[in-house]
Amino acid sequence: MITIRPYIPEDEKPVADIWNYVVEEHDALAQTEPLRPHEADAFFRKQTYTGAAADENNEIAGMYILHPNNVGHCGHIANASYAVRHDIRGDISGKH
């Protein structure tokens, strides 16, 4: 069973690992450089919302961030990025 919950500072390393893996794949996110440990927590906390997908053992299986796509009159349009831990992609059984 997976629970989606708000990101907490203790999630920094596993969430950053997921994010950085996707960044380093160079095909899904605009970022070109992975987040460094001292900047990851600040990056995730400055988003409108960062969520973590945790299993029953509180192991992080995925993450997402949500923030406005633009400012002013376009501020109501959201931009979301999400990712699943690379070693469990495609596993719809919920067991890993």
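Helices (H or I, at least four residues) and strands (E, at least two) are taken here as DSSP runs, numbered from the N terminus. On that basis the protein has two helices and four strands, and along the sequence these elements follow the pattern β-α-α-β-β-β. The structure is a predicted model, in which local features need pLDDT of at least 70, side-chain atom pairs count only at pLDDT 80 or more, and totals for chains, interfaces and linings use all residues. Residues are numbered from 1 along each chain as its sequence is written, and side-chain values use heavy atoms, with hydrogens and water left out.

The overall dimensions come next. The C-alpha trace spans about 45 × 25 × 25 Å along its principal axes. Accessible areas come from the Shrake-Rupley method with a 1.4 Å probe, and for residues only the protein chains shown count as cover. The accessible surface amounts to about 6500 Å², and 55% of this belongs to carbon and sulfur atoms. A residue is called buried under 20% relative accessible area, exposed over 50%, and partly exposed in between (1.4 Å probe, protein chains only). By this criterion 32% of the 96 residues count as buried. With contact meaning heavy atoms within 4.5 Å, residues 24 or more positions apart account for 48% of the contacts that have a separation of 6 or more.

The strands form an open sheet of four, in the order β1-β2-β3-β4 and with antiparallel pairing; two strands pair if DSSP finds at least two bridges between them. At the edges lie β1 (2-6) and β4 (78-84), each of which pairs on one side only. The twist from one strand to the next averages 20°. Strands of a sheet pair through backbone hydrogen bonds, either parallel or antiparallel. Five bridges join β1 to β2, which run antiparallel, and Thr-3 stands opposite Ala-54 in β2. Six bridges join β2 (residues 49-55) to β3 (residues 60-68), again antiparallel, and here Gly-51 stands opposite Tyr-64 in β3. Six of the seven residues of β2 are buried, so this strand is largely enclosed by the rest of the structure.

Strands β2 and β3 form a hairpin with four residues between them. In the loop between these strands is Asn-58, whose phi is near 65°, a positive value in a residue other than glycine. Asn-58 counts as partly exposed, at 46% relative accessibility. His-26 is exposed, with a relative accessible area of 61%. Most residues other than glycine have a negative phi.

Helix α1 (residues 12-25) lies across β2, β3 and β4, running at about 75° to β3. For such angles, axes are lines fitted to C-alpha atoms, for helices over the stretch in contact, and the angles run from 0 to 180 degrees between N-to-C directions.

What lies in the nonpolar interior? A nonpolar core is a set of buried Ala, Val, Leu, Ile, Met, Phe, Trp, Tyr and Cys residues joined through side-chain atoms within 4.5 Å. Among the 17 residues of the largest such core, Val-15, Trp-19, Phe-44 and Met-63 touch the most other members. At least two residues of this core come from each of α1, α2 (37-46), β2 and β3, and α1 gives the most, with six residues.

Two residues illustrate the packing. Leaving aside residues up to four places away in sequence, Val-15 touches Tyr-7, Phe-44, Ala-52, Ile-60 and Met-63. Ile-60 is located in strand β3 and counts as buried, at 5% relative accessibility. The C-alpha atoms of Ile-60 and Val-15 are separated by 7.1 Å, although the residues are 45 apart along the chain. With the same exclusion of residues up to four places away in sequence, the contacts of Ile-60 include Asp-11, Pro-14, Val-15, Ile-18, Ala-52 and Arg-85.
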